[in-house]
Amino acid sequence: MMIVEKTIEKSILNDYFLNKSKYDELLISKMEDKSDWKVLLANLQKIGPKKLASKQADIDWLLAENGVTYNVYNDPKGLNRPWNLNVVPFIIHQNEWSEVEKGIQQRSEILNLILKDLYGKRELLKNGIIPPEVIYAHRGFLRSCDQIDYKTAKRLHVHAVDLARGKDGRMWVVNDRTQAPSGMGYALENRFSTSKIIPEVFDNINVRQPSTFFNDFNKLLLNVTPSNKENPMVVILTPGPHNETYFEHSFLSSFLGHPLVKGNDLVVRHGKVWLKSLKGLKQVDVILRRVDDSFMDPLELREDSYLGVAGLLEVVRLQNVAIVNPIGSGVLENPALIPFMENICKFFLNEKLILPQIASWWCGQEKERKHVLEDLASYVVKRIDRSHREHIYFCEFLSKDELKALKEEILENPNRFVAQEKISFSTAPNFVEDKLEPRKILCRTFSIAKDNGYSVMPGGLVRVATEREELFVSNQRGGTSKDFWIVSDKKQNYLQNYSWNKSFSNQAESINDVPSNTAENLYWSGRYLGRTLFTARYLRMVLNQMTHVQYHDDRKSESESLKILFQSITNITSTFPGFTGENEEEALKNPIKEIKALTIDNQRIGGFAQSMQSFNNSYYSLRNLWSKDMWRVFDGIQKQLTKLKEEENYSVTTLSKFFDKIITRLIAFMALSEESILVRQGLLLYFIGLQIEQASMTIEKFRSLIIVNYNEDLEYEILESLLNSHESLNIYRYSYKSYLSIENVLKLLLLDKEYSRSLMYQIQRIKKDIDRLPKGDTNLEMTNCQKNIDTVFNKIQSLSLEKILEIDKESNMRKNLDTLLSDLSDLLHLTSLSVSDTYFNHSQQQKQLVDRKISN
């Protein structure tokens, strides 16, 4: 311990060894003999506590700016919590790691053989190596997967293993994850972030890099295809943006270059899996899934699943698609297998387990059950499957009544319970408030099938307990993470090459290949962004007008134009009753109250906040397409809105300043979208959605402000407000150099073919972009959306300005203009519907004809 203390400033190591863990990594590593931690601590000393604190803040900032998130269910802070990474890494030397690596490779091979056997010959059951109840009572054993044959040499392609330092100083196996193991992308992001923010911490330390492992991983995805295609179609199947590790799904999609899809992007036809694209169907050869087993096929598994693909298992049986990992591999996560692993290893490999594992007792055996129940408070008790997020019982913390209830539950159904010894994870240094503190850690690393064996990631993901005395290590409990270093005596190459197979080319050749669900999300992202920006600009204009006429919150305005503008807000956003109807008088007395609600209330459909939330949802669904700069701008918008919601007093000035900042960021986001996404990636659909929304809202604005014929002074004020909300007043003055007239305003905002904010220009742009969308097989037949937008274009092109400006004397309204705008609005709506019907119409969810309920 003294050697450690001499290595680093006391201020950083202050109180580190108070109530020290028996298994602290600094001590276990015997630093008088090994220099690994010693060199790292010397680097930390050189950096110093103040700079370390600054570096930690930089890492936190970088992860937040890059949108690295981990979704915590029922978190009051929101769904997308920033990922946490501690500035101090975790170290294991290559000499120790070599033995751990062999143990992981051995364990992966054992699990591979178990998986093959359980769905095949079941020799383990026939020979009494595993009691049948261990398998058949586990929900992860899927009878639908029985006797499925595969072309690949390995059944288990990806294996994640959780490791912790045991009482003997060795790394012990805590858990195996085989369904859809997570953490690989987070591990790589941790390495990227650490290398960028604090490269000096690597000084004089040879850290192995994961580039070879990820190259092997991508090769695996290409090589498992059952069709032996040269350029197979690989997709990554995600449950969607609400999944806890959705960031990682998007990250791997962007990093590996494979499309990120959801279940309704795929369809089974003629014994094959197809990706629904704008042009038609494209065959899928490999699915890297992040969806749990039972949700993968609603026809044969969970009929209530909307995450999988109906009929998928039949395609697997026909060997027309490869799934990584195979459906049914969740049975390997059964902790009841642990007591039998030693015998399984001997049966298959005639070897002893290299890595020790947690002592476990399956309660389905009488002798073991009695042993557990005699001293139940000493154990951790689990149900054998975690598919429903079953509770884990830390029995030392249970009351007498709770222990009694658990004991009765075990006696009633002993096959479903496993008891494990209480283990105490080792601790490792974590930088907290300018000093190092010991925190309990859990390491996760990964192995992938390669040739005749398994390739193990050099390092992985380290999870850290939230508090110094915290016993549990879990991201769902708010823990943090560490970069995981395997250090070597050999010099390492830090210039990493993450280049994939040069012969592989799965490039989307045109917009025809864009998945239809991706195209739909892009389309609605454009619409919601257009609506949000339009609403923000209009509300800002009204707020500025309130300031202009010296409107006070405690006094009703005498400005008739302002009353018209208030009511137009309700009409344009369709947030009735708002400033209209029975609510009119009360709302006009305190208009800030209504404008505030439209700005921050997510429940006001059509308001700014609700439009922003809708854009937020579509944005997250597409985050694998957006650039980091776009994420930073988007995150800035979210922070501004959150800050506004925390305000206690709202004024015209407060809201006006908020919209100034928001509008600037929204425009920046729009500009970045054009730089970040290719037209063949679906940008065209985003533009169509954006223009349709802006055109539709422009029409509603015209109908709200210029249908009624006002007196000259009032009309002038209304026209000026219209031009201001359209950011067009300066353009008008430059173009016409005249007093504001409705005729010239309509020439500019309705009919100008070259002005990008005019309705004519927007409709021309929509028509041009729709014409570029995929056609039928002949490419000659016009689509319905083409026909509809042509009708819109012809109608506005052939209008008579003189006629639409006519005033009906009886109503004092421009009825011809109102009729025209109403027709255009209806036709744009039809155009939008026809775009959806032509390109986004997904088939109905297929379901089981019989309600099958299989109880294990």
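At what angle do the axes of helix 5 and helix 9 cross? They cross at roughly 130° and come within 10 Å. This is a predicted model, in which local features need pLDDT of at least 70 and side-chain atom pairs count only at pLDDT 80 or more, while totals for chains, interfaces and linings use all residues. Residues are numbered from 1 along each chain as its sequence is written, and side-chain values use heavy atoms, with hydrogens and water left out.

**The chain as a whole**
- The chain holds 30 helices and 22 strands. Both are DSSP runs numbered from the N terminus: helices are H or I with at least four residues, strands are E with at least two.
- Of its 856 residues, 58% count as buried. Buried means under 20% relative accessible area, exposed means over 50%, and partly exposed lies in between (1.4 Å probe, protein chains only).
- Among contacts with a separation of 6 or more, 73% come from residues 24 or more positions apart. A contact means heavy atoms within 4.5 Å.

**Helix 5 against helix 9**
- Helix 5 covers residues 49-65 and helix 9 covers residues 184-197.
- Axes are lines fitted to C-alpha atoms, for helices over the stretch in contact, and angles run from 0 to 180 degrees between N-to-C directions.
- From helix 5, the contact uses Lys 55, Asp 58, Ile 59, Leu 62 and Leu 63. Helix 9 supplies Glu 189, Ser 193, Lys 196 and Ile 197.
- These contact residues divide into four nonpolar, one polar and four charged. Ala, Val, Leu, Ile, Met, Phe, Trp, Tyr, Cys and Pro count as nonpolar, Asp, Glu, Lys and Arg as charged, and the others, Gly among them, as polar.

- Three strands form an open sheet in the order 9-10-11, with antiparallel pairing. Two strands pair if DSSP finds at least two bridges between them.
- Strand 9 (266-269) and strand 11 (281-283) are the edges. Each has a single partner strand, so one side of each lacks a neighbour in the sheet.
- The twist from one strand to the next averages 45°.
- Strand 10 (residues 272-276) is joined to strand 11 by three bridges. Trp 274 has Gln 283 of strand 11 as its bridge partner.

**Strand 12 and its partners**
- Val 286 and Leu 288 point one way from strand 12 (residues 286-289), Ile 287 and Arg 289 the other way, and all are buried.
- Strand 12 pairs in the parallel sense with strand 7 (residues 234-237) over four bridges. There, Val 235 is partnered by Ile 287.
- Strand 12 also pairs in the parallel sense with strand 13 (residues 322-324), over three bridges. Leu 288 has Val 324 as its bridge partner.

**Strand 21 and its partners**
- Five of the five residues of strand 21 (residues 460-464) are buried, so this strand is largely enclosed by the rest of the structure.
- Strand 19 (residues 435-450) pairs with strand 21 in the antiparallel sense over four bridges. Leu 442 is partnered by Arg 463.
- Strand 22 (residues 480-488) runs antiparallel to strand 21 and is joined to it by five bridges. Gly 460 stands opposite Phe 484.

**Asp 837**
- Asp 837 lies in helix 30 (residues 815-840). Its relative accessibility is 55%, so Asp 837 counts as exposed.
- Asp 837 and Asn 784 are 53 residues apart in sequence and 9.0 Å apart in space, C-alpha to C-alpha.
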